[in-house]
Amino acid sequence: MENLLSVQNLTKRFGAVTANDNVDLDVRKGEIHCLFGENGAGKSTLSACLYGYYRADSGVIRFKAADALRLGIGMVHQHFVLVENFTVLENIIVGSPDLGILLSKSAARRKVEELCLRCGIELDLDREIWQLSVGEQQWVEILKALYFGAELLILDEPTAVLTPQQSDQLFVILDGMRRQGLSIILISHKLREVMQSDRVTILRKGKVVATVETSTTTAEAITALMVGHKVTKRVSDRSVTPGREVLVVDRAVAIGEWGEEVLCDVNFTIAENEILGLAGVAGNGQKELFEVLMGVRTLSSGGFHLNGEAIVAPTSREMLDRGVGLVPDDRFREGLIPEFGIAENLVLGWQRKPEYRRGPFLDRGKINALAAHKIDEFRIVAASADLPVERLSGGNAQRVILAREFLHARGLLLANQPTRGLDVAASEFVYEKILEKRAEGFAVLLASEELDDLLRLCDRIAVIFKGKIMGIVQPGETTLLELGMMMAGNASNLGGQVNDFSSKALRQ
Amino acid sequence: MAKAFSSLIVGAFGSQKALLGSLAKATPLLLVGLGTVIAFRAKIWNIGQEGQVLAGAMCAYWASLWIGPLPYLIAVAVLVLAGLAGGGVLGLLAGVLKTRFGTSEIISTVMLNYIVIFLLAYLLDGGPWMESGATVAYHQSPPVNAMLEWPTLFGQGAAKLHFGFILALGATALSALLLERTPLGYEIRAFGSNPTALRFRGTDISRLLLVVMLVSGALAGLAGAGELFGTSHRLRAETLLGIGSSGIVVAMVGGLRPSGAMLAALFFGALKSGAIYMRLQSGTPAGLVSAMEGLVLLFFLCAAVATRVHITVRSEAHA
């Protein structure tokens, strides 16, 4: 088959670090080609070189058998680059050179409508971006790339922000594009998506480990190639049963910045030795719920009890003192002081604790000793304990937070998307630590978009949609599909339309 | 040219008298600079030092009119506290406007400058503090009670160093300890880097902001009180205006570190002191020194940007 893109011996270094080491890659016309690897394996660097954001130090990139770059490669970033109050059409055509001085939208509209038809995208071109769901915004990004004549589309972790159903829709669209002869590079670390590609190139530490036809391999084999050894996925020890109730949330209602209800009548309990999962698409009230429980957002009605005591108008200080640990979803914004080193971040929130003080001063010696110990225990990779944490990778930054919370929390751990952006090995480390806490008797609230993980780790799973708990289910009695339906707001309407991709996903 | 520079240097360091004059000029700059360092490290942009210097001087002057016969040291202590309180309250006011109404401290502190400047103009210009018997043109208060002048460390007359210099050195050491070694300093630095995380981790950030504004304003106020009772002995706007803005420059050039602010204050104090001699000797306008202050700040800011570019290039390797 004809190669649309061929990369030979591409090397990209940043200082002493080699991000891409003699990488070879070819992408055929009309295929979905997955780039698969752990964080820091070099996927994003490679795609940035292809897209022209970085210049490779050495190596050859041939596109359409010519030394031409930039022409016909489109990129869809993880974070969308759209103008909120422009319409779909305007966003697609903005920056197009052939519009002239006076915007002539009618010709552009015809072209975009034709593109939509070819790819099977149904989208009202006159709606403004803010009115669209995240999934639809992503389609706009794709259309934008196609409008500019992309023949090769690079998608960077496209499903990170989507529901399972939206992801399936995306793959239907990608499938349509493939049939039109377009090529797609899909960057992912989710196995389910990898298995839907035609071929997969696995990267490890900047090197290509293998390129395999997806149909001739298994998910296990690909994972083993990615990490270099077999990963054992931990599961919850079902013989430990929950004890007395630690957290009781009772008819909690919270109002958002615009007067909307961000939490409506939320009720649940978590007991000792129990992990309650919280499934939902990001932005459905998870963040607000965690903020309420952490004392940084007030409820407009309802309340919650901790260890049998009613918590009235709490502050974050009070919640910390009551032994609540928080692993926030936005770790650099809510969990860390970016300019501080690991040592200082390990006592964030506890800087006034007598234990870390000598007289009126911080006991630097003790804090540094603690840091040395935790760097070792949590296997944090850092040049020194004083290195600003903003320079750490996501996985290492998360370990700093875990080390701090596991040291100070007593009884209740709140973890919001603790594995977001982490690779398989780092995620398993986080889960291992959370399961340890469960065994110690902690009550854990674990919100995640990784439904497979929730199903194997949690004792029960609550599904949240638009601030409402749609239901609380038992992992053993629930399928991924049912969870997905509830996450989309259908409490009971199960068994609706199931397309090829989700059933394929379920078989794995 | 050479003559101007040599007279600048002679004027700043040429004799014991010149040196004392330089240190005396450095004293208020250092105090204001330290207050600015503390606020700016928290990325709280208190730029109302001009008003806070005046408020400190005015509050101390007002206190000097009211206190009866007290033992000398206690009286001086009262004036020190009054200076701290005057600047501190003005800073705190801007802080309250921010925490209660979300007013940008950049706007409120500058606006408060005007209020204080015009209040002083009223008080000295036909108001209750005008020198009795003087014409309106002087815009100054009568001399302060000679019994309340701050003790002199060295020198006499125009070139003397009052004990505010010791206070400034002490404040330098305390500020450095505060920022680098105490939990409060930890919170101040953390606030500058990421106030959201600090709020999530149990610190009342509104209270912290008020504390920072209070301390920052108080140090500026002390500078004003020191100038009044240590150097000029008359409340007069012209002798105080400019200290606040130079103090901000001192903090910036000092790299937002107390020790750096001390070096910068000594440097700019010497410039200010030498400028007078330079004008006398070579006829070079003293205003040139103010321009130099601006130029030095610009160079330091450029240098800071240049080092940051360097760091970014290297840190890419860790990404």
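Student: What should I know before we start?

Tutor: This is a predicted model, where local features need pLDDT of at least 70, side-chain atom pairs count only at pLDDT 80 or more, and totals for chains, interfaces and linings use all residues. Residues are numbered from 1 along each chain as its sequence is written, while chains are lettered from A and ligands numbered from 1 in the order in which they are written.

Student: OK, which strands form the six-stranded open sheet in chain A, and in what order?

Tutor: The order is S5-S6-S7-S3-S8-S9 in chain A, with mixed pairing. Helices (H or I, at least four residues) and strands (E, at least two) are DSSP runs numbered from the N terminus, and two strands pair if DSSP finds at least two bridges between them.

Student: Which strands stand at the edges?

Tutor: S5 and strand S9 (207-213) of chain A do; each has a single partner strand, so one side of each is left without a neighbour in the sheet. From one strand to the next, the twist averages 20 degrees. Axes here are lines fitted to C-alpha atoms, for helices over the stretch in contact, and angles run from 0 to 180 degrees between N-to-C directions.

Student: How many bridges join S3 to S7 of chain A?

Tutor: Five, between strand S3 (residues 32-36) and strand S7 (residues 183-188) of chain A, and these two run parallel. A:Cys34 stands opposite A:Leu186 in S7(A).

Student: Which strands of the sheet does H4(A) touch?

Tutor: H4(A) packs on the sheet against S5 and S6 of chain A, and its direction makes about 165 degrees with that of S5(A). Helix H7 (residues 219-227) of chain A lies across S3, strand S8 (199-204) and S9 of chain A, at about 30 degrees to S8(A).

Student: Back to H4(A). How many residues does it have?

Tutor: Helix H4 (residues 134-147) of chain A has 14 residues, and from first C-alpha to last it reaches 20 Å, close to the 20 Å expected at 1.5 Å a residue. The expected span is 1.5 Å times one less than the number of residues. After H4(A) comes A:Gly149, which has a positive phi, near 85 degrees.

Student: Which of its residues are buried?

Tutor: Among the buried residues of H4(A) are A:Trp139, A:Ile142 and A:Leu146. A residue is buried if 20 or more other C-beta atoms lie within 10 Å of its own, exposed if 12 or fewer, and partly exposed in between; C-beta atoms are placed from the backbone. The buried residues of H4(A) pack against several elements of chain A, including helix H3 (105-119) and helix H5 (164-179).

Student: What about the four-stranded sheet? What is its order?

Tutor: That open sheet runs S11-S10-S13-S14 in chain A, with antiparallel pairing. Strand S11 (261-271) and strand S14 (309-311) of chain A are its edge strands, and each pairs on one side only. Five bridges join strand S10 (residues 245-255) to strand S13 (residues 301-306) of chain A, and A:Val249 stands opposite A:Phe304 in S13(A).

Student: Which strands does H8(A) lie across?

Tutor: H8(A) lies across S10, S11 and S13 of chain A, at about 60 degrees to S11(A). Helix H8 (residues 286-293) of chain A is mostly covered, with seven of its eight residues buried. A:Gly295 follows H8(A), and its phi is positive, near 85 degrees.

Student: New topic. How many residues of chain A are in contact with chain B?

Tutor: 29 residues of chain A are in contact with 20 residues of chain B, where contact means C-beta atoms, placed from the backbone, within 7 Å. The side of chain A that touches chain B has 16 nonpolar, five polar and eight charged residues. Ala, Val, Leu, Ile, Met, Phe, Trp, Tyr, Cys and Pro count as nonpolar, Asp, Glu, Lys and Arg as charged, and the others, Gly among them, as polar.

Student: And what is chain B made of?

Tutor: Chain B has 13 helices and two strands. Buried residues make up 47% of its 319 residues.

Student: Where does B:Val10 lie?

Tutor: B:Val10 lies in helix H1 (residues 2-13) of chain B. B:Val10 counts as partly exposed because it has 15 C-beta neighbours inside 10 Å. Not counting residues up to four places away in sequence, B:Val10 touches B:Ala18 and B:Tyr277.

Methods:
Contact = placed C-beta atoms within 7 Å.
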